[in-house]
Amino acid sequence: MSASLRRIAVRVPSYATYVFERPSWLILLLFGRLKWARWIERRLRTRNQPITSLPASGRVASPDASEVSDRLNKDGVCEGFVLASETLDEIRCFAETNKCYVSYDEKEGFLARDFAILNNIRSKDILAGYYFSSVENCDAIRNLLSDPRLMSAARNYIGQEAKNIRVRLWWSFPAQRFDDSDLRRAAQNRFHFDLNDWRTLKFFFYITDVDEQSGPHVYVRGSHRRRSLRHQYTPFHGKERADLEAFFGVERFRLITGPAGSGFSEDPFVFHTGSVACSNPRLILELEYGPYSPSPSYRYGALG
Ligand SMILES: O=C(O)CCC(=O)C(=O)O
Ligand SMILES: [Fe+2]
């Protein structure tokens, strides 16, 4: 089977589940990547409302409403979010004392500190360990889901009331032995955009210090606004770095590093990727907001 067909084939089961759970998802899958269709959808579904100021929060600090919206509109990403230290400590403590999993159907999880021991007895290294639905047991994360500052920032950008549609907490572990499908599954070193709904906004928080060697997030500035026709009329979400560099220019690639607690907001329609960690593991929290209810299997990243 050709590589392209294989890429489609691995997605069929999760796509079939999404369409079964929410038939209108098929329209999104077919048209959501087209700039004209996105423009029409926004015009039909939202009213031009002024952005509202972001309420103060004891859990998260961020730039003010206009800066967040400006950066998101222009670059697709706004950095400068910071978790309060109690929230950060609680999430880190949860992750250190609870098991994570390589895949959703795996029965036995493992504690993150044991990843190197496990690699010794596996044929390939573990790229990522996910907490899936157990994140609901972490009060700090549950409280953050409905944080008024994050909810307002999401509403401003999305153009209507938004709800949390995804919450994921996972480690990227330093790894050397992996193949292309492992990288795609872990969204590492593989630029892509996410089409989870017509308009969504993600918040990411680093729970460990992240430098260039510990799997930083990378994105292409402004790539949610400017898209080649080829990038729009393709069935694939993933793109080669060289292809993106040729179109956008290397100066638009930005790598996000920062201390534990630092965060950023991202329109997942920008081209982005995690990267393979080389030195230290990275622990990251992702919250996504959208106007419509999520497909149930999407919420914790249970499917690809
Ligand atoms: O690991 C990362 O930094 C990126 C993950 C990703 O692509 C996503 O959550 O949409
Ligand atoms: Fe992604």
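**Exercises on a predicted model**

The shell around ligand 1 divides into 2 nonpolar, 3 polar and 2 charged residues. The model is predicted: local features need pLDDT of at least 70, side-chain atom pairs count only at pLDDT 80 or more, and totals for chains, interfaces and linings use all residues. Residues are numbered from 1 along each chain as its sequence is written, and chains are lettered from A and ligands numbered from 1 in the order in which they are written.

**Exercise 1.** State which residues are around ligand 1.

*Solution.* A residue is near a molecule if its C-beta atom, placed from the backbone, lies within 6 Å of it. The residues around ligand 1 are A187, D194, H217, P268, H272, G274 and E286.

**Exercise 2.** Determine whether I126 is buried or exposed.

*Solution.* First, locate the residue: I126 lies in the loop between α6 (115-120) and β3 (128-130). Next, apply the cut-offs: 20 or more other C-beta atoms within 10 Å make a residue buried, 12 or fewer exposed. I126 is buried because it has 24 C-beta neighbours inside 10 Å. Finally, list its contacts (C-beta atoms, placed from the backbone, within 7 Å): beyond four places in sequence, they are V102, F115, L118, N119, F173 and A175.

**Exercise 3.** Describe the place of β3 in its sheet.

*Solution.* Strands pair if DSSP finds at least two bridges between them. The open sheet of 7 strands has the order β1-β2-β10-β6-β12-β4-β3, with antiparallel pairing. Its edge strands are β1 (60-61) and β3, each pairing on one side only. For β3, 3 bridges join it to the antiparallel strand β4 (residues 163-172), where W171 stands opposite G129.

Definitions and conventions: Ala, Val, Leu, Ile, Met, Phe, Trp, Tyr, Cys and Pro count as nonpolar, Asp, Glu, Lys and Arg as charged, and the others, Gly among them, as polar. Helices (H or I, at least four residues) and strands (E, at least two) are DSSP runs, numbered from the N terminus. Two residues are in contact if their C-beta atoms, placed from the backbone, lie within 7 Å.
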